[in-house]
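Please have a look at it first.

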Amino acid sequence: MNRKIIILLSLVSSSFIFAQSIEGTITDQENKPAAETEVLITKDNLKFSAITDEKGMFKIPLKENGNYVFEIIKDGIKTNSEKIAVKGAVKKDVQFGEAPPTVQKVEGVTITAKKKLFERKVDRLVFNVENSVASQGIDAIEALSKTPMVKTSDDAISIAGKSNVAVMINDRLLNLNGQELINYLKTLRSDDILKIEVITTPPAKYDAEGKSGLINIILKKNANLGWNGSIQTSGNYFWGKPTVSTRSGATFNYQGEKLSLSTNLSAGDNYWQYDTYNYLKGTTNTNYWNRDSDNLNNYKYKSGNIKAEYKINDKNLAGINYNYSHSNPLEKGESTSARFNEEGLLNILSNFRNRNSRDVHNATAFYEAKLDSAGGKLNLTANMMINNSNARNFSNTITSETIATLANPISKYRIYSGQADMEKTFAKIKTESGLKYTRIKNDSEFNFFNIENDQYVLNPGRTNTFFYNEENYAAYVSTNFKINDKWDAKAGLRYEYTTLEGVSMNDNTSAKIKYGKFFPTAYISYKPNENHAFSLNYSRRISRPYFGNLNPFKFYTSEYEYSTGNPYLLPSFSDNFEFGYVLNNNLNITLYYNYNKDNWDRIQMVDDQTRYSIVKNFYNEDQAGINVSYNYNKLKWLESTLFVNGYYAKSKSYDPAILPAPAGYSANINLDNNFFLNKEKTVTLMLGLWGSLPNRNGNTYYYTNASLYTGLKLSLMDKKLLVNLYLNDILNTNREKGIEYYPTYTIDYQYKGITRNVHLSLTYKFGNNSVKGATKQVKFEESNRAGGNGN
């Protein structure tokens with residue numbers, strides 16, 4: 001007691017001398033006052049400390065303003081450590097967490113504490129990136145590849161084998177998709193990521209669009225004022241190919257007392273070559289139609305992004321976000337086809353050269369207001385996307401004569417949305433509610449010309465104009481409440497009403513559709529102690545078709561072969577159930593069942609002398625399985641992550657022209673190993689593999705696929721220079737191969753790209769690494785529907 005009196009008297013007297021101070025309350029993990037806890041403040045050679053009283057309160061006077069290190073020490077264990085900017089009197093209330101897993105030496109006491117790598121929350125699985133040594137010094141794409149249930153590639157991100165995943169940063173959706181999304185995530189460093197949340201059954205506050213769920217990347221909070229920047233460059237070398245893929249970029253972040261800024265610029269020249277075969281064989285006759293092709297893509301792009309946030313006061317924040325990208329992709333290829341039917345054998349040679357010019361603008365603005373001290377918030381958001389595309393596609397078909405054509409597709413689509421979201425807490429119940437309106441407008445022209453004597457002659461039969469308009473209205477409400485210390489529950493209901501119209505001027509057809517649907521969500525979790533956590537979730541989702549899949553234009557690859565869209569394509573729906581279990585914060589087990597209704601996919605049809613592909617709704621699917629992910633880090637020199645997904649899938653076709661693939665079991669696996677070659681863990685050897693057993697989807701049966709990689713990661717110059725060297729697909733086994741089923745024929749196909757390559761990336765960071773700049777993002781789910789081809 002005498003010690004407390006002395007400390008109290010010293011604090012009172014010092015308050016008249018120093019104008020700067022930090023005071024607050026420390027609580028434990030059960031939110032109870034943490035008495036007899038040491039609070040330590042350091043700056044260079046200066047050190048200040050205090051012991052909390054029985055109410056967990058403390059106050060530390062300081063000699064000067066500046067940036068300090070704030071630490072909490074309980075029973076000899078350092079539980080919290082962060083940087084804090086002090087200007088005048090600072091209020092700091094902290095709930096201390098678990099100590100890091102390394103050995104901490106405090107006042108002569110040596111204790112080894114355990115850290116959490118995975119956490120199961122009521123509606124999501126959390127991967128604490130900052131607690132994974134293997135996930136440091138890499139970009140966000142590489143960090144996602146180490147996240148349970150998540151798989152990444154050069155152009156896509158998927159959860160447990162499902163594609164079309166939406167990505168958020170700090171709970172706000174990125175209004176980017178496809179290659180633009182991948183390029184942006186490569187500019188984020190894992191050192192700036194606090195955690196990654198995998199939300200397989202998203203709650204009602206998020207759009208019901210998408211069956212695969214959401215990924216939420218939470219960045220570390222700004223602790224210091226100042227600026228930083230980084231420059232990056234990377235390249236891929238492909239065996240036996242004449243060129244490489246390259247990417248360069250730069251980022252800059254500034255954090256002021258009120259203004260935060262972040263910018264990035266990037267440019268790339270991505271090279272991709274692939275071979276395919278597509279063999280159609282009759283099951284009721286001897287007919288066949290075989291095609292072999294060799295294709296090359298050269299995707300050149302330039303992009304830039306600027307984000308700005310302004311802190312009006314402690315309760316109000318406003319910001320803007322603008323992205324621009326320009327791409328000029330070139331696609332070219334050659335095909336050899338052999339068609340045999342009642343008229344005999346016809347050999348077809350064809351080639352194409354497509355050059356596109358695409359400009360994409362994304363603009364967003366938001367305003368955030370804190371309503372009360374209990375966490376109440378109001379968010380207002382406005383979004384706009386403008387995409388202009390103009391292509392010139394040349395093709396030649398050679399049989400007994402040569403037919404040359406030019407297609408000039410011009411696409412202009414606009415997306416506008418506005419929404420209001422409010423969070424409010426009443427006693428122990430947290431509520432969320434909101435409204436949203438979205439308008440989508442897509443005007444497309446398809447001009448088709450026959451080339452005769454070097455003259456372009458318009459072909460009216462293949463020229464078309466397509467108009468598409470869509471409006472979406474949405475409202476939602478959800479509640480999240482803590483039943484007791486061990487039980488949590490969450491429930492929500494979202495309603496979306498959609499009107500759409502597609503008009504094709506060439507054939508004078510139109511499609512008008514109106515529908516309104518409810519999308520309920522429900523979650524419950526049970527955590528009996530720190531070593532076990534259980535959860536049970538349900539959600540209903542919708543998957544709307546991409547714009548390109550609604551467009552009835554016929555894209556001819558030869559005079560006998562083309563692909564087209566379907567203006568009568570309907571959305572598909574899914575019901576998702578999950579039961580999750582986490583053991584000791586590093587073993588995650590999830591049992592799941594999904595029922596998918598009115599699924600759509602691209603199919604291949606033969607009509608007289610023509611072969612074409614079209615997107616149709618044609619099947620329902622049941623899928624049940626188990627996901628298991630485990631992180632092993634008991635050895636100082638090794639960190640391993642294992643993910644296994646085993647499931648049973650059964651599809652039922654309601655279109656007599658399409659047969660479902662045989663039902664059956666399947667599985668896929670990811671294994672990543674990181675071997676630390678020195679004590680500081682700045683030199684890491686990586687070795688990993690992924691693979692999938694035969695599986696089925698709709699009318700397609702996919703064969704086994706696998707890939708092996710290795711690499712070396714270096715962290716140099718006090719972690720300012722990062723070097724990553726990978727050898728991907730060492731055995732050159734990565735390919736997509738399968739068979740499609742129809743009543744009178746089957747189609748065997750294979751897609752093989754240049755997946756065996758060497759990847760080298762360099763990143764140099766400068767400035768204050770604790771500065772994150774503007775980190776807010778805004779919801780803009782509809783932008784995801786603009787990308788992709790639905791294949």
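What we have is a predicted model, in which local features need pLDDT of at least 70 and side-chain atom pairs count only at pLDDT 80 or more, while totals for chains, interfaces and linings use all residues. Residues are numbered from 1 along each chain as its sequence is written, and side-chain values use heavy atoms, with hydrogens and water left out.

The structure holds 23 salt bridges, a salt bridge being a side-chain nitrogen of Lys or Arg within 4 Å of a carboxyl oxygen of Asp or Glu. One of them joins Glu432 and Lys205, at 3.8 Å from N to O. This pair links distant parts of the chain, 227 residues apart, with Glu432 in strand E28 (strands, E, are DSSP runs of at least two residues, numbered from the N terminus). Both Glu432 and Lys205 are buried, where buried means under 20% relative accessible area, exposed over 50%, and partly exposed in between, with a 1.4 Å probe and protein chains only.

Lys311 pairs with Asp314, the closest N and O atoms being 3.5 Å apart; Asp314 counts as exposed because its relative accessibility is 59%, whereas Lys311, at 36%, counts as partly exposed.

Finally, where does Asn586 lie? Asn586 sits in the loop between strand E36 and strand E37, and it is buried, since its relative accessible area is 16%. Phe118 is 468 residues away in sequence, yet the two C-alpha atoms are 5.3 Å apart in space.

Key. Helix = DSSP H or I, 4+ residues; strand = E, 2+ residues; numbered from the N terminus.
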